[in-house]
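Hi everyone, thanks for making time this morning. I'd like to walk you through one structure, so please have a look at the screen and we'll take it piece by piece.

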Amino acid sequence: MATYVIGDLQGCYDELQALLKQIDYQPENDHLWFVGDIVNRGPKSLECLRFVKTLQQQGRADMVLGNHDFHLLAAYSGLKRFQSRSDTLDPIFDAKDAPELIDWLRRQPLMVSHPIYNSVMVHAGIPPQWSISQALQLAKEVEAHLQGSDWQTFITEHLFGSEPDEWEDTLTGWNRIRYIVNAFARMRYCNANGKLELKIKSSPGKQATEYDPWFVFPDRKNKTHEIFFGHWSTLGEIDAYHVHSTDTGCLWGGKLTAYCLESKRRHTLECEQQCKPKEKKIKKT
């Protein structure tokens, strides 16, 4: 049995199937971890969502929510400002099983822990001041809102925004929840106290001097586990600092990654061209 961590799909279904064939994936024995951003921008978001849902319900896969998965939940809930020319979500909205897909998606976690290995998975990162056990508990605080009956109000009225940008254990209410989501789903850079810099998407070296990649701080409290994450396509392949990056830019013509926990080996599929469809025109309302 092998456990493979799969990088951001973002609707690149054909590339996923090619990678699984390349690694000789055995669904009856192997287990897949998906780091989030299952959907959007690539041409087959619906197919990706259905595939991961089926595997997860069969006990053959786990996933965590990424920022684009939250984007889908928001757009489905009616937030018009989330409409973008690069979205590829319409086939999901038009699908007969859309309510079931959305209901399943909102019940997915923000953090997954392996039952045997000291390994965890998140979409973007874990702030340096959080231990693994604290991070797991904080993730559950958000999941309780997502899985509640009033989840759409939570998504549309309270979730989005970049403030507060610094963690304090005394944070309460929606400020607390918003920071937790931004850390797990959007973070790339922060300072030693967990103050987030959410605007910079480039590779390290161009950020303000106050900030560094979230995983480089020597006193980081979550170095007890190997952390697998996606989200940061410009970062490249990182297997250091007790972290492993898996978003290697498939959507942009880079690679799609599967990292095997047992062999500690990366498998990559070269993506010869961007798997983006043509941008669509958005009707004015």
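Predicted model: local features only at pLDDT ≥ 70, side-chain atom pairs only at ≥ 80, totals over all residues.

Five strands make an open sheet in the order S3-S2-S1-S12-S13, and the pairing is mixed. S3 and strand S13, residues 265-270, have a single partner strand each, so one side of each lacks a neighbour in the sheet. From one strand to the next, the twist averages 20°.

Helix H1, residues 13-22, packs on this sheet. H1 touches S1, S2, strand S12 (255-260) and S13, and its direction makes about 135° with that of S13.

H1 also has a helix for a partner. Its axis lies 8 Å from that of H2, and the two pack at an angle of about 45°. Angles between 35 and 65 degrees fall in the oblique class, so H1 is oblique to H2. Which residues meet there? From H1 we have Tyr13, Leu16, Gln17 and Leu20, and from H2 we have Glu47, Cys48 and Phe51. Sorted by class, this contact has five nonpolar residues, one polar and one charged.

H2, residues 45-57, has another contact to show you, with helix H5, residues 98-105. Their axes come within 11 Å and cross at roughly 60°. That angle makes H2 oblique to H5. The crossing of H2 past H5 is left-handed. On the H2 side, the contact is made by Leu46, Leu49, Arg50, Val52, Lys53, Gln56 and Gln57. H5 contributes Glu100, Leu101, Trp104 and Leu105. By class, the contact of H2 with H5 has six nonpolar, two polar and three charged residues.

Next, the loops, where a few residues deserve a look. Most residues other than glycine have a negative phi, and most peptide bonds are trans. So where does this model depart from that? The loop between S2 and H2 holds Asp37, and phi of Asp37 is near 55°, a positive value in a residue other than glycine. Arg41 is found in the loop between S2 and H2 as well, and its phi is near 80°, also positive. Arg41, with a relative accessible area of 24%, is partly exposed.

For the peptide bond, look at the step from Glu163 to Pro164: it is cis, with omega near 0°. Pro164 is in the loop between helix H7 (151-159) and helix H8 (173-186).

One more loop residue is Gly59, located between H2 and strand S3, residues 61-63. Is Gly59 buried or exposed? Gly59 is exposed, because its relative accessible area is 51% and the cut-off for exposed is over 50%.

Five strands form it in the order S4-S5-S9-S11-S10, with mixed pairing. Which strands are at its edges? They are strand S4 (112-113) and strand S10 (239-240), each pairing on one side only. S4 runs antiparallel to strand S5, residues 119-121, and two bridges join them. In that pairing, Val112 stands opposite Met121 of S5.

That's my tour; I'm happy to go back to any part of it on the screen.

Methods
Residues numbered from 1 in each chain as written. Heavy atoms only, no water. Axes fitted to C-alpha atoms, helices over the stretch in contact; angles between N-to-C directions. Helix = DSSP H or I, 4+ residues; strand = E, 2+ residues; numbered from the N terminus. Parallel < 35°, antiparallel > 145°, perpendicular 65-115°, else oblique. Left-handed = near helix turned anticlockwise from the far one by under 90°. Contact = heavy atoms within 4.5 Å. Nonpolar A, V, L, I, M, F, W, Y, C, P; charged D, E, K, R; others polar. Pairing = 2+ DSSP bridges. Buried < 20%, exposed > 50% of the residue type's maximum accessible area, 1.4 Å probe, protein only.
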